[in-house]
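Please open the structure in a viewer and keep the sequence beside it.

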Amino acid sequence: MSTHSNPAQSHGHDHAHGHGHDHGSDSTDIDWEAMADTLENNGDLHLPVLRRTASRLAELLGPDKQVRRILDIGSGPGVMTCALAEAFPDAEVVAVDGAPALLDRALARAERLGLGDRLTIRHAELPGDLEGADGQTGGGLGEADLMWSSKAVHHIGDQQGVLAALTEALRPGGMLAVAEGGLPMRCLPRDIGIAKPGFQARLDALQEYWFERMRSELPGSTRTVEDWPAMLGRAGLTDVGSFTYLLDLPAPLGETARTFLHNQLTRLRDVMSETLEADDRKTLDVLLDDSAPESILRRPDAFVLSATTVFAGVRRAS
């Protein structure tokens with residue numbers, strides 16, 4: 001399981017538990033390791049928001065809370081893992097993911113930032129690896145004072161069940177924070193001049209279809225009303241609340257942001273080519289044509305605007 005924006009949906013990771021490989025058009029399997037560069041680029045672009053989020057979690061826990069161990073569930077290449085290590089200088093931070101190549105990147109990133117002595121990695125698949133050899137919930141990963149998971153829970157069939165399992169792994173007074181939901185990213189005006197107006201809204205509709213299909217194909221898929229505060233409450237957390245941060249990069253964009261958008265649109269083209277209408281497929285091809293003046297890498301009206309919502313709650317101290 002990794003963490004980034006869902007490759008075909010702004011519901012995310014952001015990431016999943018079974019790092020499958022694509023088997024042709026419209027596949028809902030995801031090869032996270034093949035997306036390593038894209039995931040790290042995504043994380044770097046969102047780094048200001050991630051650092052603000054880590055600082056906000058520290059504020060919510062309060063200055064008197066001793067945070068000794070943090071788990072980043074679905075860490076991907078470790079961008080947020082390192083942000084958490086920076087925000088909690090006395091804590092051991094564990095990157096947890098099912099993709100060894102991404103965990104290697106997390107370690108390398110920590111070394112570059114001088115955090116290598118406090119960041120460790122753990123290869124694990126969820127939800128199964130939440131249980132230790134004795135069958136005790138939480139035993140597989142150990143206890144934590146803070147657990148973070150971004151765009152990962154929605155890649156597990158029983159979302160309510162995994163929230164309960166994560167809560168069990170919290171020490172009393174510890175916090176679970178999940179980034180889920182938010183708003184679909186916007187990067188183009190309604191009328192882009194080379195398609196029927198509303199191109200991005202039509203992509204949104206296809207992404208919703210892809211996301212629901214992905215959810216339905218997960219092992220043990222269980223439908224639930226995605227009321228995240230209520231779900232965290234049912235998992236046994238108290239003082240549940242939420243906050244939202246915007247990533248607002250106005251036009252004209254720099255190279256990093258344009259590369260991010262090119263990667264996102266390429267992924268959309270790859271996984272949804274059969275469901276795209278012919279005209280929209282042609283439009284997407286133009287946006288991805290590096291030599292075209294209307295390319296996402298060249299057009300002056302491209303921007304990035306997205307909202308990340310974090311839901312958090314505390315396990316009642318005994």
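The stops below cover a helix, a strand residue and the cysteines.

This is a predicted model, in which local features need pLDDT of at least 70 and side-chain atom pairs count only at pLDDT 80 or more, while totals for chains, interfaces and linings use all residues. Residues are numbered from 1 along each chain as its sequence is written, and side-chain values use heavy atoms, with hydrogens and water left out.

Select residues 47-61, which form helix α2 (helices are DSSP runs of H or I with at least four residues, strands are runs of E with at least two, and both are numbered from the N terminus).

Within α2, highlight Leu 47, Val 49, Leu 50, Thr 53, Ala 54, Leu 57 and Leu 61, which are buried (under 20% relative accessible area, with exposed over 50% and partly exposed in between, using a 1.4 Å probe and protein chains only). They lie on the same side of α2 because they cover an arc of only 160° around the axis (the arc of the directions from the helix axis to the C-beta atoms). Next comes Gly 62, which follows α2 and has a positive phi, near 90°.

Move to Asp 72 in strand β1, residues 69-73. Leaving aside neighbours within four places in sequence, Asp 72 is in contact with Met 80, Thr 81, Val 94, Ala 95, Val 96 and Trp 148 (heavy atoms within 4.5 Å).

Finally, select Cys 82, which counts as buried because its relative accessibility is 1%. Cys 187 counts as buried at 3%.

Note on methods: Expected span 1.5 Å × (residues − 1).
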